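Q: Hi! Could you walk me through this model? I'm new to this.

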Amino acid sequence: MQSVKVVVTGPFNAGKTTFIKAVSEITVLSTERQVSDASGEGGGETTVAMDFGRITISDDVVLYLFGTPGQERFSFMWETLSEGMLGFVLLVDADDEESLDSASNMIEFFKGMSDVPFVVAANKVEADDTDSIQRVRSRLSLEDAVPLLPVDARNRDSVKAVLLGLLYEILESMG
Ligand SMILES: Nc1nc2c(ncn2[C@@H]2O[C@H](COP(=O)(O)OP(=O)(O)O)[C@@H](O)[C@H]2O)c(=O)[nH]1
Ligand SMILES: [Mg+2]
């Protein structure tokens with residue numbers, strides 16, 4: 001049995017918790033807290049520490065999903081959570097300029113933590129909206145080799161497709 005640690009990261013409100021909950025076969029362990037309006041993020045729930053989920057891909061492969069907090073002030077957690085990861089998903093809200101700005105920084109941060117494969121998942125965009133998806137690629141200055149996949153974080157099959165895409169990259173990189 002191969003255990004694969006995958007980090008799911010991305011800016012505040014990108015849909016990380018939704019993504020993990022949609023696909024996890026165990027009840028997702030989340031640490032959500034009210035965000036005060038003083039934070040300038042309009043309140044609501046956000047993940048201050050992590051979300052944890054699991055998905056069995058086959059008899060041999062189980063993915064353990066670690067969702068990070070989105071806000072840079074919790075970046076000490078990004079470091080901890082990325083320890084031992086075999087790959088990561090960078091989730092963005094494709095429709096949110098601020099999300100795209102902080103996503104660029106997060107990609108640099110996680111690439112700096114570990115030289116592992118990653119995929120970018122564009123959430124809250126129609127799968128056939130190629131203009132928006134292409135715009136995400138150029139906004140994030142993604143190299144052609146980095147997969148950019150549209151996703152509906154609420155949809156299990158859609159999330160699973162992203163994770164299989166990442167797993168493919170991981171297996172490729174291991175030769
Ligand atoms: N329309 C739409 N809304 C979504 C999607 N995924 C998440 N959301 C909403 O976006 C908000 C933030 O999602 P959440 O998973 O908490 O984001 P996180 O901060 O990255 O963990 C919530 O109100 C979700 O219901 C999606 O695929 N489509
Ligand atoms: Mg969250």
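Q: Let's start with Thr-9: buried or exposed?

A: Thr-9 has 0% relative accessibility, so it counts as buried. Buried means under 20% relative accessible area, exposed means over 50%, and partly exposed is in between, using a 1.4 Å probe and protein chains only. Before we go on, this is a predicted model, where local features need pLDDT of at least 70, side-chain atom pairs count only at pLDDT 80 or more, and totals for chains, interfaces and linings use all residues. Residues are numbered from 1 along each chain as its sequence is written, chains are lettered from A and ligands numbered from 1 in the order in which they are written, and side-chain values use heavy atoms, with hydrogens and water left out.

Q: Thanks! Where is Thr-9 placed?

A: Thr-9 is in strand β1. Helices (H or I, at least four residues) and strands (E, at least two) are DSSP runs, numbered from the N terminus.

Q: And how far is Thr-9 from Ala-121?

A: Their C-alpha atoms are separated by 10 Å, although Thr-9 and Ala-121 are 112 residues apart along the chain.

Q: Which residues of α1 are buried?

A: They are Lys-16, Thr-17, Phe-19, Ile-20, Ala-22 and Val-23.

Q: Switching to ligand 1: which residues surround it?

A: Pro-11, Asn-13, Ala-14, Gly-15, Lys-16, Thr-17, Thr-18, Asn-123, Lys-124, Asp-152, Ala-153 and Arg-154 do. To be near a molecule, a residue needs a heavy atom within 4 Å of it.

Q: Which element gives the most to that shell?

A: That is α1, with 3 residues in the shell around ligand 1.

Q: What about polar contacts to ligand 1?

A: A polar contact to a ligand is a pair of N or O atoms within 3.5 Å. A polar backbone atom of Asn-13 is 2.9 Å from an oxygen atom of ligand 1. Lys-124 brings a polar side-chain atom 2.9 Å from a ligand 1 oxygen, and for Ala-153 a backbone N or O atom lies 3.1 Å from an oxygen atom of the ligand.

Q: How much of ligand 1 does the protein bury?

A: The protein buries 71% of the 580 Å² that ligand 1 exposes when taken alone. These accessible areas come from the Shrake-Rupley method with a 1.4 Å probe.

Q: You mentioned Asn-13. What is its phi?

A: Asn-13 has a positive phi of about 75 degrees, although it is not a glycine. Asn-13 sits in the loop between β1 (2-9) and α1, and at 47% relative accessibility it counts as partly exposed.

Q: What is the phi of Ser-141?

A: Ser-141 has a positive phi of about 45 degrees, and it is not a glycine. Ser-141 lies in the loop between α4 (130-139) and β7 (148-151) and is exposed, with a relative accessible area of 62%.

Q: Last one: where is Gly-44?

A: Gly-44 is in the loop between β2 (29-34) and β3 (45-56). At 33% relative accessibility, Gly-44 counts as partly exposed.

Notes:
A polar contact is a pair of N or O atoms within 3.5 Å; within protein, one must be able to donate a hydrogen and the other to accept it, and residues adjacent in sequence count only if both atoms are side-chain atoms.
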